[in-house]
Each structure stands twice: as structure tokens, then as C-alpha cells.
Amino acid sequence: MSVYIMLVIAWGAGLMALLGGFIAHSEGSANTVLKKEWVHGVTAFGGGILMAAVAFALVPEGMKELNAWQLTGLFAAGGVTFCLVDAWLQNNEGNVAQFMAMVLDFVPEALSLGAVFAANPKMGILLAIFIAAQNFPEGFNAYRELKAAKLTTKTALLGLLGVSFFGPLAAIMGYWLLSDAPQITAMIMSFAAGGILYLVFQDIAPQAKMRRHWMPALGAVFGFIIGMLSKQLMG
């Protein structure tokens with residue numbers, strides 16, 4: 001299968017984040033309790049998918065290719081690095097945790113997409129579908145977060161469009177450079193996993209909670225199920 005098809009597939013998976021942003025921008029219903037519950041549910045759904053990515057895609061690769069000290073060090077380095085970035089953003093009155101988590105999730109998985117595609121194109125396509133399913137709710141949440149951080153609509157949407165180009169760029173790097181370097185891929189994934197886990201528990205999960213409402217928490221469960229099912233189908 002052509003490498004150009006892989007690039008289109010990787011870009012399409014990234015564009016799902018932009019589609020999520022457009023939906024968030026276009027959605028203009030009244031700010032009712034039901035709408036708040038739905039938005040919190042989408043936030044939790046995205047958080048659940050991110051947790052599934054850590055549990056089933058990023059960490060297992062690190063455990064397979066790295067020794068205990070490498071895995072621990074890189075995972076901790078990812079968490080500490082994004083703790084420092086998050087603290088800096090908070091001090092400068094900015095909060096783009098969901099946007100950062102989306103990028104942290106997308107780039108290593110697109111690298112893996114390229115590496116997998118080199119050996120098994122059908123598995124690569126299935127992985128791209130999994131990535132696309134993740135990117136849609138993450139793009140929805142990231143757009144609302146970027147708007148809350150006082151960015152203009154144009155800047156927020158352009159940011160999501162820019163993220164989509166990481167897909168083909170990372171995929172071609174994975175295809176050319178990392179198909180025979182599983183340890184480097186695992187190191188990138190382990191670092192990203194630590195950063196995502198920090199962001200989920202520090203910023204994303206607290207935003208998903210509503211007092212006396214239980215649907216948002218179920219959103220996290222179903223998000224995790226999507227990630228778990230995708231991994232099972234790929235396995």
C-alpha cells in the first residue's frame with residue numbers, strides 16, 4: 001500500500017480534532033443544566049480515552065522495550081515536565097491542558113502508525129481509526145479550553161488545524177526512521193504517557209465533575225471502553 005495513502009490516513013485522523021473543534025464552535029444551544037452535563041460528559045469521555053491510550057498503547061510499548069529504570073525515569077520525566085509547563089501556564093493565566101494532552105497523545109501514536117504501517121498496512125489503518133476516534137472528543141474539549149483561555153475562534157481552529165499536520169509528519173518519521181527502532185519509539189511513548197497521566201488527573205478529570213450528576217463519570221467509563229475495545233481489535 002502506498003506511503004501516500006498512509007500520509008492521507010494520518011492527516012485524516014488528525015483532522016478529526018479540527019472537526020471536533022468545529023462542532024464545539026457551531027454548538028449554540030442555551031447553557032442549560034443538560035448542556036453542561038453533556039459538555040462535562042464529553043470532557044470525561046476524552047479523559048477516559050486518554051487513560052486508555054496510556055494503559056493500552058503507550059505504557060505497554062515501554063514495558064516491552066525498556067528496562068525498569070528507563071521506563072520509570074522517562075515516565076516520571078514526562079509527568080514532571082508537564083507539571084512544570086502546567087504551573088508556568090497557570091502563573092501566566094493560561095490553561096491548555098487538554099490541548100497539550102491531545103498533542104502528547106497524537107504525536108507518539110502517529111509515530112507508531114508509521115512504524116506499524118511499514119510492516120502491516122491493515123493494522124495501520126485500524127490504528128488510524130482508533131486515533132481518529134480519540135481526536136474527535138479531544139478536539140471538542142481543546143477548542144472550548146482554548147476559547148476559555150481568551151483565544152479567538154480563528155486562532156483556536158488554526159491551532160487544531162496545525163495539530164492535524166503532526167499526523168503525517170510523525171507518521172512519515174515513524175515509517176522511515178522508527179520501523180527498525182522500537183526502543184526509541186517506546187521511549188517517546190513512555191515520556192508522553194507520564195505527561196498525559198499528570199494532565200488527566202490535574203486538569204481534565206476535575207473539569208469533568210458535576211455535583212449530583214453522574215453521567216459525566218460514565219462518560220469516562222465509555223471513553224475507556226472505546227480505547228480498550230480498539231486495542232482488543234488491534235491485538
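1. Of the contacts (heavy atoms within 4.5 Å) between residues at least 6 apart in sequence, 86% join residues at least 24 apart. Bear in mind that this is a predicted model, where local features need pLDDT of at least 70 and side-chain atom pairs count only at pLDDT 80 or more, while totals for chains, interfaces and linings use all residues. Numbering starts from 1 along each chain as its sequence is written, and side-chain values use heavy atoms, with hydrogens and water left out.

2. The protein chain has eight helices and zero strands (DSSP runs: H or I of at least four residues for helices, E of at least two for strands, numbered from the N terminus). Buried residues (under 20% relative accessible area; exposed is over 50%, partly exposed in between; 1.4 Å probe, protein chains only) account for 46% of the 235 residues.

3. Leu160 and Val163 bring us to H6, residues 153-178, where both are buried. This helix has 26 residues and reaches 36 Å from first C-alpha to last, close to the 38 Å expected (1.5 Å times one less than the number of residues).

4. One for H8 (residues 215-234): Val221 sits there and is partly exposed, with a relative accessible area of 42%.
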